[in-house]
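Reader: Hey, I'm new to this one. Can you walk me through it?

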Protein chains: 2
Amino acid sequence: MNKLTQTYNCMVAQSGGPTSAINASLAGVVHQVLASKQYDICYGSINGIVGILNENYLNFNEILELPNMSIEKLKLSPSMYLGSCRYKIKSFQDDPATYEKIFEQFEKKNIKAFFYIGGNDSMDTVMKLSAYSKQIGSDVRIIGIPKTIDNDLCVTDHTPGFGSAAKYIATSVLEIAHDTFIYPVDSVTIIEIMGRDAGWLTAASALARNDYQQAPHLIYLPEAEFDDDQFIADVKHILAQRQNVIVAVSEGIRYSDGTYVAASGSAVDQFGHQQLSGAGKTLEYLVKEKIGVKVRSVEVNVLQRCAAHLASATDLTEAFAQGQKAVLLSLEGVTGAMVTLERLSNEPYEVTYSYYDVSKIANETKAVPRNWINEKGNDITEECLAYLLPLIQGEVSLSFTGGLPDYMPISHLNACRSKTEE
Amino acid sequence: MNKLTQTYNCMVAQSGGPTSAINASLAGVVHQVLASKQYDICYGSINGIVGILNENYLNFNEILELPNMSIEKLKLSPSMYLGSCRYKIKSFQDDPATYEKIFEQFEKKNIKAFFYIGGNDSMDTVMKLSAYSKQIGSDVRIIGIPKTIDNDLCVTDHTPGFGSAAKYIATSVLEIAHDTFIYPVDSVTIIEIMGRDAGWLTAASALARNDYQQAPHLIYLPEAEFDDDQFIADVKHILAQRQNVIVAVSEGIRYSDGTYVAASGSAVDQFGHQQLSGAGKTLEYLVKEKIGVKVRSVEVNVLQRCAAHLASATDLTEAFAQGQKAVLLSLEGVTGAMVTLERLSNEPYEVTYSYYDVSKIANETKAVPRNWINEKGNDITEECLAYLLPLIQGEVSLSFTGGLPDYMPISHLNACRSKTEE
């Protein structure tokens, strides 16, 4: 590849919710920009495209020269080094000024390629900006790099961030099994896992099973209709066989009429307001009421998306490679596309990277196929397990300082800075 | 040390709640029994002293010859390999039969020493059994080995299990800071940490602070009176300075009249029952009501006591050493004692092991000194931090199989086995 005849730069930003792998994709972009020597400066826009509107940028060429900063450390750090936004860009017809401002900035900064790392909503932005770019005859290439712990993007085999979240969840369920099995009394433990519309992460709880323990004994995903009576019958059935029952439920499980189980557990707080209890808490109350054994619900909280100390090496490697791929695609002139990953085989696990028209991906979601859930709707199938297993393989080698993981400092984020500095 | 003239055995058991280090103490006992060559068999009683009453034992000499089992793996495995119990032994006057049964078993199995690894309640058992032993002229030595994530045992500098829980909590708070700081909007995140009566674990959240981030910005322990108005004023004060506020609260925080904050947050569930919300959830509702910014509460759940993948190497080393010490003490004829740890210096961190009359330790608790909490009652002092810091140092080198930690199988525990097998 020859150096572009003129001096050009590129820009990268992150959007949506955090994952343990989204910085690995950022690291892949920055690494490949430096390695390809086709762009002069790699800018980072702070807080997604909002950073472009506010002209708030970092220069990675400078950042990487600072002490205690490196591509490798960035790869291993959780959440978003560049900050995030929840900014849904309107159509050009409704808001031409935003489009004009963004492309003015691209021109001002000599941007030839813009890489947007995010989920569904971010791909919508990639689609709209690339369509606008073509329309005005701009040669700025706009490329999406996927990320979401939910694994619900279409076309691509799986999404960066999912494998690390899955590894954290499976490890947590295994550790909760060790925690729970010590008391020889009947008990039910309900573990609530993220996933409003897709049950991939909850399905991954099945990876906790090994040759000495079979928790979770029951698994409920949003893709199969939930029924209170069937659930209670399922739990009673397992309790007849063994003392400690562990149940994995997705936060998004719902009844046949489409209402969320969580919504049925609404309670009134001390101020008289209705508060949703969450699916786990709702089922905890249900078990207490209908079975009466010792019961506890555990919400695997935000740590499932940011516990980078337990990231999947496979996930980070793939996230990094997809960042690299985006840079290479931009140099080939590709635009309006999202980087995709195709699985060539499970054993040995092998993947290849490609790209796909982002307009076919944005605003669509990929659910767990119903035939990857058992007929009763309370477990996943072997086929689903075989799909999941390779994604949690490999551990990262994290540095620790003073007993804590040594992550990339994020003091440049608005939210970290004192308001008086702004 | 000469071999005891006759063939004698010893027994070990675990009791109370799980920690990431209680198996390290068990490993220390087993290792030292084998190394000292003074006892022939090291028995493990399943489910604490209940195992003695049920004559339910393991023989560690045999277990360690099984494939895939080792002292090192036991040391790194979370929760309790021997299972637990919540069995409060009555006084001899009220229940002589239990004492007689236990000592009959000791005689039948040629037990010369019994090691009980546990917290406060377990030390009560050690106290009672050793007093009875003396009373009947038995030469069975009864020795307690401390463990509790709560760090609330007296006399000893700190307890095995606490350092690992503290490391998990500090790491989690740091990762939650990375997760939270990405959005440039005002928000409050409340992290609820275990500790009903002592705030040690919540204090450990302060270890998350580093040169680029100062979360948690507020810390509330049970040892300082909680006041709703002061709390809201504290949060508003921080919100005036920065956008994202992270608050660490102990589950046991209470008002000046002694009532738990959690109790004030009771709500009515869908069955019409009163449900305690937990301190974090209660304060979430309070912030929503009084300040109205984006607010989330995160309960650091049971993983804080069983996430062995993030154990403190210092903690496991000390837990192991205290198991060894107990065996050595028994061979010196010590009984009615708990192994203790004395800190010689913070920098360099240095400790020594000793023992103390268990009757002075059982049923007492050690709180965070009020002068280790700032005057306002919303943070800890530098002195407290200096005490905590050495305890989370060092990481363990855990094996992984198939993407998950490779722990000691617990298929022998009652609760793991099918009921039909029993």
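Reader: Where does B:Arg242 lie?
Author: B:Arg242 lies over the face of B:Phe181, 4.9 Å from the ring centre. A charge counts as sitting over a ring if NZ of Lys or CZ of Arg is within 6 Å of the ring centre and within 35 degrees of the ring normal. This is a predicted model, where local features need pLDDT of at least 70, side-chain atom pairs count only at pLDDT 80 or more, and totals for chains, interfaces and linings use all residues. Residues are numbered from 1 along each chain as its sequence is written, chains are lettered from A in the order in which they are written, and side-chain values use heavy atoms, leaving out hydrogens and water.

Reader: And which ring does the charged end of A:Lys112 sit over?
Author: That's the ring of A:Tyr8, with the charged end 4.4 Å from its centre.

Reader: OK, switching to ring pairs. How many aromatic pairs are there over all chains?
Author: A search of the whole structure finds 32. Rings of Phe, Tyr and Trp (its six-membered ring) pair if their centres lie within 6.5 Å; planes under 30 degrees apart are stacked, over 60 edge-to-face, and the rest tilted. B:Phe106 and B:Phe114 make a tilted pair, 5.5 Å centre to centre with 40° between the planes.

Reader: Is B:Phe114 buried or exposed?
Author: B:Phe114 counts as buried because its relative accessibility is 0%. B:Phe106, at 1%, counts as buried too. Buried means under 20% relative accessible area, exposed over 50%, and partly exposed in between (1.4 Å probe, protein chains only).

Reader: Which rings form a cluster in chain A?
Author: Ring pairs link A:Phe92, A:Tyr99, A:Phe103, A:Phe106, A:Phe114, A:Tyr116 and A:Tyr132.

Reader: Zooming out, how much of chain A is buried?
Author: Buried residues are 63% of its 422. The C-alpha trace of chain A spans about 75 × 50 × 45 Å along its principal axes.

Reader: What helices and strands does chain A have?
Author: Chain A comes to 14 helices and 15 strands. Those are DSSP runs: helices are H or I with at least four residues, strands are E with at least two, numbered from the N terminus.

Reader: Last topic: how many residues of chain B are in contact with chain A?
Author: 87 residues of chain B are in contact with 87 of chain A, where contact means heavy atoms within 4.5 Å. B:Glu175, B:Tyr212 and B:Lys419 supply 10% of the area that chain B buries against chain A, more than any other three residues.

Reader: What's the buried area between the two chains?
Author: About 7,000 Å², with 59% of it on carbon and sulfur atoms. Buried area is the accessible area (1.4 Å probe) that two parts lose on being put together, summed over both.
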